[in-house]
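This briefing concerns a single protein chain and the packing of its helices. Please examine the sequence and the model shown here before reading on.

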Amino acid sequence: MVKKLKGLSSKYFRSKRKLPEGRLENQHKQLLLATEVLNEAMSKGSKVAFQFTEYGVDKKHHVALGKDGAPRIYKVSPYEIVVTNGRYYLICAHDKGDSLYNYRLDYMCAIERVEEEKIRPLNEIPGYEHGLDLSKYMEEHIYMYGGKSVRVKFRADLRANRNIVGHILDWFGTNVQFSDITEDAITVTVSVNEMGMFYWALQYGTSIEIVAPVSLRERLRDAANANSVKYNREL
C-alpha cells in the first residue's frame with residue numbers, strides 16, 4: 001500500500017517522516033483516491049475542488065457547510081503532498097490570499113480535478129517567488145498550520161529538561177539560532193508559523209518561555225491563566 005501511494009503520487013509526494021503503515025487500513029481508500037486525483041492535477045497543472053469534513057461527537061466525519069447550509073466547496077491550486085506525524089497533507093493556495101494552506105487528505109471528500117482551470121503560479125505568492133523550499137517550509141509549519149511565519153524568540157530551561165535542545169532540533173531543524181548560552185539556559189530564535197508555535201509552547205511550557213513576539217507571549221499568558229483557573233477549581 002505504501003509503495004502504491006508513492007507510485008501514484010510521483011514527484012509531488014514528499015515525506016518528512018517514515019510512512020505509517022499501521023494507519024492505512026481504515027484510510028487507504030480515501031488516501032489513494034485523493035492522491036491519484038491530486039497527482040493527476042499537479043502533473044497537468046490544473047486546480048482541484050473538494051469538500052472538507054470534520055468530526056462530530058458521533059465520531060464520524062461530517063461535511064463542512066457554507067452559510068447557505070450547502071456543502072462548502074474548496075477550490076485550490078495544489079503544489080505538494082507531504083507526510084508528517086503520520087498524517088497526509090496537501091500544500092496549496094487559494095485564488096486570493098498571500099499565503100499557502102495545508103489540508104489533510106483524509107478530511108477531503110468529493111475531490112475532483114478542475115480541468116479547465118490552470119493552477120495559480122507559485123511565484124505569485126509573496127515569499128515564494130523562487131519556489132517552495134520544502135524542508136524549510138516543513139520546519140516552519142509545525143503541526144501543519146497554514147499562514148505566514150514569524151520570528152520567535154524563546155528561552156529554554158536546561159535544568160527543567162536536559163533534552164530540550166534535542167526536542168528543539170527535532171521540531172525546527174538545524175536552522176535555529178542559539179544565543180546567550182549558559183549552563184542552565186539558552187535563547188533560541190526561529191522562524192515558525194505563529195499558531196503552530198502557540199501549541200508547541202503549550203506542549204513544552206514547563207521547559208521554555210516565549211520572549212517575543214509580545215502577541216504570542218500574551219496569548220500564552222492568557223491560556224496559562226485560564227488553565228490555572230480550571231485546574232484550581234473543585235470538581
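In this predicted model, Ile168, Trp171 and Phe172 of helix α4 meet Met197, Trp200 and Gln203 of α5, where contact means heavy atoms within 4.5 Å. Helices (H or I, at least four residues) and strands (E, at least two) are DSSP runs, numbered from the N terminus. The model is a prediction in which local features need pLDDT of at least 70 and side-chain atom pairs count only at pLDDT 80 or more, whereas totals for chains, interfaces and linings use all residues. Residues are numbered from 1 along each chain as its sequence is written, and side-chain values use heavy atoms, with hydrogens and water left out.

**Overall composition**

- The protein contains 6 helices and 11 strands.
- Of its 235 residues, 43% count as buried; buried means under 20% relative accessible area, exposed over 50%, and partly exposed in between (1.4 Å probe, protein chains only).
- Among contacts between residues at least 6 apart in sequence, 66% join residues at least 24 apart.

**Helices α4 and α5**

- Helix α4 (residues 164–172) packs with α5 at an angle of about 155°, and their axes are 13 Å apart. Axes are lines fitted to C-alpha atoms, for helices over the stretch in contact, and angles run from 0 to 180 degrees between N-to-C directions.
- The two helices α4 and α5 are therefore roughly antiparallel to each other; angles under 35 degrees count as roughly parallel, over 145 as roughly antiparallel, 65 to 115 as roughly perpendicular and the rest as oblique.
- The crossing in which α4 passes α5 is right-handed. A crossing is left-handed if the near helix is turned anticlockwise from the far one by less than a right angle, and right-handed if clockwise.

**Helices α5 and α6**

- The axes of α5 and α6 come within 10 Å and cross at roughly 45°; α5 and α6 are therefore oblique to each other.
- Here too the crossing is described by its hand: α5 passes α6 in a right-handed crossing.
- On the α5 side, the contact is made by Glu194, Met195, Met197, Phe198, Ala201 and Leu202, and on the α6 side by Ser215, Leu216, Arg219, Leu220 and Ala223.

**Helix α6 and its faces**

- Helix α6 comprises 18 residues (214–231) and should span 26 Å at 1.5 Å a residue, which agrees with the 26 Å between its end C-alpha atoms. The expected span is 1.5 Å times one less than the number of residues.
- Leu216, Leu220 and Ala223 of α6 are buried. They cover an arc of only 60° around the axis, which puts them on the same side of α6; the arc is that of the directions from the helix axis to the C-beta atoms.
- The buried residues of α6 pack against β8 (149–157), α5 (194–203) and β11 (208–212).
- On the face turned away from the buried side, α6 carries the exposed residues Val214 and Val229.

- Ser149, in strand β8, is partly exposed, with a relative accessible area of 26%.
- Between Ser149 and Asn193, the C-alpha separation is 4.2 Å, although they are 44 residues apart in sequence.
- Not counting residues up to four places away in sequence, Ser149 touches Glu140, His141, Ser191, Val192 and Asn193.
- Ile208, in strand β11, is buried, with a relative accessible area of 9%.
- The C-alpha atoms of Ile208 and Arg155 are separated by 5.5 Å, with the two residues 53 apart along the chain.
- Leaving aside neighbours within four places in sequence, Ile208 is in contact with Phe154, Arg155, Ala156, Ile164, Trp200 and Ala201.
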